Amino acid sequence: MRINKFLADCGIGSRRACDKIVEEGRVQIDGRTARLGDEVGDRNIVMIDGEVLNRNIKHSYYLMNKPKGCVCTVKDDKGRRTVMDYLPESAGRVYPVGRLDYDTEGLLLFTDDGDLAFRLTHPKNEIPKTYLVKIEGIVSEQDLNRLRSGVFLDGKRTQKSHIKVVSAMKDSMRLHITITEGKNRQVRRMFAAIGKEVVFLKRIRIGELGLGSLERGKTRKLSSEEVYYLKNL
Ligand code: URA
């Protein structure tokens, strides 16, 4: 099998992305630097960035448009509906990456790749997550700037956020907010800190990865390009 296909099958990225990785000299076959077009068989030991790749470990990656009214756990003690109820059986033993509240909807990833799940949820990596927020009433420019520069939650200032007003009606507002942390109920609590209640909350993007036209409650597999993108986010 060609080295680029082998790497792509191991979930490293698209074949084109894998060609680039080979060209960068990051791949070794049996201890020597791989070149484009090299072939690998069952007996070869392939390493990327010094780590051995095991073609038998294939991870699964899914994206769900979570509906509200379900919890982000594999099993709920209180018997509530969970996000697992919306996953197709063929998804196997994947688990949700991070959390969305019971009443929050939108983009939720699932995987059995512990490394990626850890990367995406570790606060030090500051992965940007964008939410569509609807609030009742109008937020003043001054309060928007308070949210942008950080408000105090649990005695600590939240990191800078990016906020864009999507629409402002007489008695409600829709905004996009991008945060790089994942404190418990962070968006709701940030708005509560300026005296506003969030009446609708939906995660629409992780980095540049969005929901596209995926319907509420539906799940799809991530493409190898998307997996590669998330691994390098
Ligand atoms: N912020 C919230 O308040 N809730 C979520 O589910 C995610 C972010």
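Select Glu126 to begin: this residue sits in the loop between H3 and strand E8 (129–136). The model on the screen is a predicted one.

**Stop 1: Glu126**

Show the backbone of Glu126 and check its phi angle. Phi is near 45° here, a positive value in a residue other than glycine. Most residues other than glycine have a negative phi.

**Stop 2: Arg185**

Next select Arg185, which is found in the loop between E12 and helix H5 (186–193). What is the phi of Arg185 near? The value is near 50°, positive again in a residue other than glycine. Arg185 has a relative accessible area of 41% and is therefore partly exposed.

**Stop 3: the whole chain**

Zoom out and colour by secondary structure. The chain has six helices and 15 strands. Along the principal axes, its C-alpha atoms fill a box of roughly 65 × 40 × 35 Å. There are 233 residues in the chain, and buried residues make up 44% of them. Consider also the contacts in the chain with a separation of 6 or more: 61% of these are between residues 24 or more positions apart.

**Stop 4: Thr178**

Select strand E12 (residues 172–179) and pick out Thr178 within this strand. Is Thr178 buried or exposed? Its relative accessibility is 19%, and buried means under 20%, so Thr178 counts as buried.

Now show the side chains around Thr178. Neighbours within four places in sequence left aside, Thr178 is in contact with Pro128, Lys129, Thr130, Ser161 and His162. One of these, Thr130, deserves a distance label: its side chain makes a polar contact with the side chain of Thr178, at 2.8 Å.

**Stop 5: Asp30**

Move to Asp30, in the loop between strand E1 (27–29) and strand E2 (32–33). With a relative accessibility of 47%, Asp30 counts as partly exposed.

Which residues is Asp30 in contact with, leaving aside its neighbours within four places in sequence? They are Arg43, Asn44 and Ile45.

Asp30 and Arg148 are 118 residues apart in sequence, and their C-alpha atoms are 51 Å apart in space.

**Stop 6: Pro88**

Select Pro88, which lies in the loop between E5 and strand E6 (95–97). Pro88 has a relative accessibility of 35%, so this residue counts as partly exposed. Pro88 and Arg220 are 132 residues apart along the chain, while their C-alpha atoms are separated by 9.2 Å.

**Stop 7: the cysteines**

How many disulfides does a search of the whole structure find? The search finds zero.

Select Cys72 and Cys70 to look at one case. The closest cysteine sulfur to that of Cys72 is in Cys70, 6.7 Å away, which is too far for a bond. The cut-off for a disulfide is a pair of cysteine sulfur atoms within 2.5 Å. Cys72 has a relative accessible area of 7% and is therefore buried. Select Cys18 as well: its relative accessible area is 0%, so Cys18 is buried too.

**Stop 8: the cavity**

The last stop is inside the protein. The structure holds one cavity of 30 Å³ or more. The volume of the largest cavity is about 30 Å³.

To find the cavity, select the residues that line it: Tyr61, Tyr62, Val97, Leu109, Phe110, Thr111, Leu116, Leu120, Leu222 and Leu230. Strand E5 (61–66), strand E7 (105–111) and helix H3 (114–121) are the elements that give two or more residues to this lining. Which element gives the largest share of the lining? The answer is E7, with three residues.

Finally, colour the lining residues by class.

How values were computed:
Residues numbered from 1 in each chain as written. Predicted model: local features only at pLDDT ≥ 70, side-chain atom pairs only at ≥ 80, totals over all residues. Heavy atoms only, no water. 1 Å grid on protein atoms, 1.4 Å probe; cavity = no way out; pocket = protein on both sides within 12 Å on 5 of 7 lines; lining within 4 Å. Points joined across faces, edges and corners; volume = space filled by probe spheres on them. Helix = DSSP H or I, 4+ residues; strand = E, 2+ residues; numbered from the N terminus. Buried < 20%, exposed > 50% of the residue type's maximum accessible area, 1.4 Å probe, protein only. Polar contact = N/O pair within 3.5 Å; in protein donor to acceptor, adjacent residues only side chain to side chain. Contact = heavy atoms within 4.5 Å.
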